[in-house]
Amino acid sequence: MENRKLVEVVLPGTVEPEGLQLRHRDVPLPGAGQIVVRVEATGVSFAEQQMRRGRYYDQPPFPFVPGYDLVGTVLTAGAGVSPGLAGKRVAALVKVGGWASHVVLDAADAVEVPAGIGAAEAETLVVNGITAWQMLHRRARVRSGGTVLVHGANGGVGTVLVQLARAADLKVIGTASARHHEALRELGVTPVDYRTENIPARVRELAPGGVDAVFDHLGGRSVTDSWRLLAPGGTLVAYGSATTRDDSGSKQWPVLKILGRVWWWNALPNGRRAYFFNVWAGRALAKDRFRSRLRTDLTQVFHALQRGEVTARIAARLPLTEVAEAMRLAESGTVTGKVVLIPGA
């Protein structure tokens, strides 16, 4: 074990980014079945932006260490773990705890990163890649040649999703502000400006018979518009309530409203389907199956990166100690790709 202190970022409550705190403590030892990972890259996801406001629907009580995912090298392994894992680069989805220089994980939650993929590049594709892959290939399952609508096509999940959809030979309509349109066109996406255009009317012009799938992270009224844009046999995949990030009141209510709509729409005999996608679904009931699926899917995303079907979009790399600046940058809406935190920097 390296003889050094662990550095981690603590979210003490609903604070401005400058209110995030650094804490130092000893690097822990791994228990049975566990590994200690020296974190090489973690990042700022939309989830942390909601958590900072106390708006993420199942965040732990304050104070806690945020950090939804991470990539790093295995330092030590506990009893019952293959000693060959030490020295390997791995990725993990953790929900909280990733904003640290060292993290203790269950070895079964670590997914090996293929050789040749850098830590920061891999980091951009952990939560975003898993979410995009599973929504596209496990939920929507649109046949080759179909058309999909991706809201926030320049966002963390959206950027990966549109590239995976194009690789699956799908036509893609993507909403984004005008500054991102040229980049989207280069990916083969037809952009729609959500600020200046009537999205439902424009999508109907582009796809008069409706779209085969909509991926909606916005929640609120957008979900209803998205449902109405589906072609017969189409699928709506809702996966967040971004429009309520700055609201006050219950953090569960926006999600419960979407779940209620999804239940009602699926009860209707109309041949269309709706899902609320939660990347953690199934973990509590079938942990081994959940882990196996996550490992399979994340490995597929890494292979798509190696084939050039997906690019790792890094908006900025900042030291973990500059987390406040990283948070502000990620929340500014002015960057494309992921803001990556580098603990060793």
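Which residues does Gln134 touch, not counting residues up to four places away in sequence?

1. Gln134 touches Arg139, Phe277, Val279, Arg293, Leu294 and Asp297, leaving aside residues up to four places away in sequence; contact means heavy atoms within 4.5 Å. This is a predicted model, in which local features need pLDDT of at least 70 and side-chain atom pairs count only at pLDDT 80 or more, while totals for chains, interfaces and linings use all residues. Residues are numbered from 1 along each chain as its sequence is written, and side-chain values use heavy atoms, with hydrogens and water left out.

2. Gln134 lies in helix α3 (residues 127-140); helices are DSSP runs of H or I, at least four residues, and strands are runs of E, at least two, numbered from the N terminus. Gln134 is buried, with a relative accessible area of 7% (buried means under 20%, exposed over 50%, partly exposed in between, with a 1.4 Å probe and protein chains only).

3. Helix α3 packs against helix α9 (residues 287-307) at an angle of about 100°, with the axes 9 Å apart. Axes are lines fitted to C-alpha atoms over the stretch in contact, and angles run from 0 to 180 degrees between N-to-C directions. The two helices are therefore roughly perpendicular (65 to 115 degrees; under 35 is roughly parallel, over 145 roughly antiparallel, the rest oblique).

4. In helix α8, the buried residues are Pro254, Val255, Ile258, Val262 and Trp265. Seen down the axis of α8, they fall within an arc of 95°, so they line one face of the helix; the arc is that of the directions from the helix axis to the C-beta atoms. On the other side of α8, Trp253 and Trp263 are exposed.

5. The buried residues of α8 pack against α7 (221-228), β12 (230-238) and β13 (273-276).
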